[in-house]
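Here are my notes for you to read alongside the model. Keep the 3D view open and find each residue as it comes up.

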Amino acid sequence: MMKTGSTHHMGMKAKSRISNTIIYIVLILMMIIWLIPFVCILLESFRVETTMQVGYVIPKKWGFDNYVNLLTKSDFPRWYLNTFIIGLVVAILQTIMVLCTSYTLSRMRFRGRKGLMNFMLVLGMFPGFITMIVLYKVLSGVGMTGANSVPGLILVYAASSGMGYYISKGFFDTIPKSLDEAARVDGATRAQVFTKIILPLAKPIVIYTVLTAFMAPWGDFMFAKYISHNTSLGMNVAVGMQTMISTPASLAANYTQFCAGGVLVALPITLLFMFLQRYYVEGVTGGAVKG
């Protein structure tokens, strides 16, 4: 009997090893396939023997010419600065609004709360581009298009951001309400409870909210191009880089610089995720518990 149980246990362990090995092999293959385009772009950015597309990947001549030309002979620094300003301001504003909305819906009970939550959830399902024409008319009327696109983009990206409350609310629901009640008994205000007790415990969801808020404007192309009017001063980095390769002639002249720009654009997001990955995962999983 003991021998049969031991044999069964060994068989289960063998099956587990085989299944784990297959899973790891599949994941490694997926990672390689996913990384190939990024590796190719990185190698192309250091190719200096020609600026055109070629039929090989590894450069015959290496150098930093593409990065130097991109930063000194184009408007890329301006586009990059515009995008960074938009991303930073939107991350701050959107984080404040999302966290305040989420805390309110998680902790307070008031008439119409459920209806408001359902309304915002349904409204958030509609794609944003259906309002592009109306938004353009409004921004154009107040002079926030063309060279002044940056404040217009900040306004649009930050507006209605409170509707993305559900992940953060789910995380706040996991924090015991007894902490709020104890602080209130001791004389703390709602604002003090939120800033001094809840937020320190909610670091993962705060970082998750900041990251998602920063990423959205960083990579946006459609709406940013719509209101910039091809004015370089108002472009973000995605729109500006698209103009570098918008024609066959510009593609041949700027392809390697475009690859260098792609590397510089990907760098901040990559570093953020590398250093804050643990908090990002905790924020997603924690917010999914009761969200």
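**Notes on the pocket, the cores and a few residues**

1. Let's start with the pocket. α3, α4 (113–123), α5, α6, α7 (166–173), α10 and α11 each supply at least two residues to the lining of the largest pocket. Helices here (H or I, at least four residues) are DSSP runs, numbered from the N terminus, as strands (E, at least two) would be. A pocket, on a 1 Å grid over the protein atoms alone, is an open set of points where a 1.4 Å probe fits, with protein on both sides within 12 Å along at least five of seven lines; lining residues have an atom within 4 Å of a point.

2. Before going on, a word on where this comes from. You are looking at a predicted model, where local features need pLDDT of at least 70 and side-chain atom pairs count only at pLDDT 80 or more, while totals for chains, interfaces and linings use all residues. Residues are numbered from 1 along each chain as its sequence is written, and side-chain values use heavy atoms, with hydrogens and water left out.

3. Back to the pocket: which helix gives the most to its lining? That is α10, with 6 residues. The lining has 38 residues, and G128, Y157, A159, S160 and M163 are the closest to the pocket's centre. The space inside comes to about 1,200 Å³, a volume filled by probe spheres set on the grid points, which are joined across faces, edges and corners.

4. What is the lining made of? It divides into 27 nonpolar residues, 10 polar ones and 1 charged. In this count Ala, Val, Leu, Ile, Met, Phe, Trp, Tyr, Cys and Pro are nonpolar, Asp, Glu, Lys and Arg are charged, and the others, Gly among them, are polar.

5. In soluble globular proteins, nonpolar side chains tend to be buried together. The largest nonpolar core in this model has 31 residues, and F76, I86 and L153 have the most contacts inside it. Helices that give two or more residues to this core include α2 (65–72), α3 (76–107), α12 (237–244) and α13 (248–290). Apart from it lies another core, of 13 residues, among them L99, F171, I175 and V193. A nonpolar core means a set of buried Ala, Val, Leu, Ile, Met, Phe, Trp, Tyr and Cys residues joined through side-chain atoms within 4.5 Å. "Buried" is under 20% relative accessible area, "exposed" is over 50%, and "partly exposed" is in between (1.4 Å probe, protein chains only).

6. Have a look at F76. Leaving aside neighbours within four places in sequence, F76 is in contact (heavy atoms within 4.5 Å) with L70, L71, V237, M241, G261, L264 and V265.

7. An α-helix has 3.6 residues a turn, so residues three or four places apart point the same way.

8. N66 has a relative accessible area of 5%, and its contacts beyond four places in sequence include E44, F46, T256 and A260. Y67 has 11% and touches L42, S45, F46, A260, V263 and L264, again not counting residues up to four places away. The C-alpha atoms of Y67 and S45 are 7.6 Å apart, though 22 residues separate them along the chain.

9. Next, the loops. Q53 lies between α1 (2–45) and α2, and its C-alpha atom is 6.8 Å from that of A252, 199 residues apart along the chain. F110, in the loop between α3 and α4, is partly exposed at 36% relative accessibility.

10. Is H229 buried, exposed or partly exposed? H229, in the loop between α11 and α12, is partly exposed at 41%, and it has a positive phi of about 60° without being a glycine. N230 is found in the loop between α11 and α12; its phi is also positive, near 55°, and N230 is exposed at 52%.
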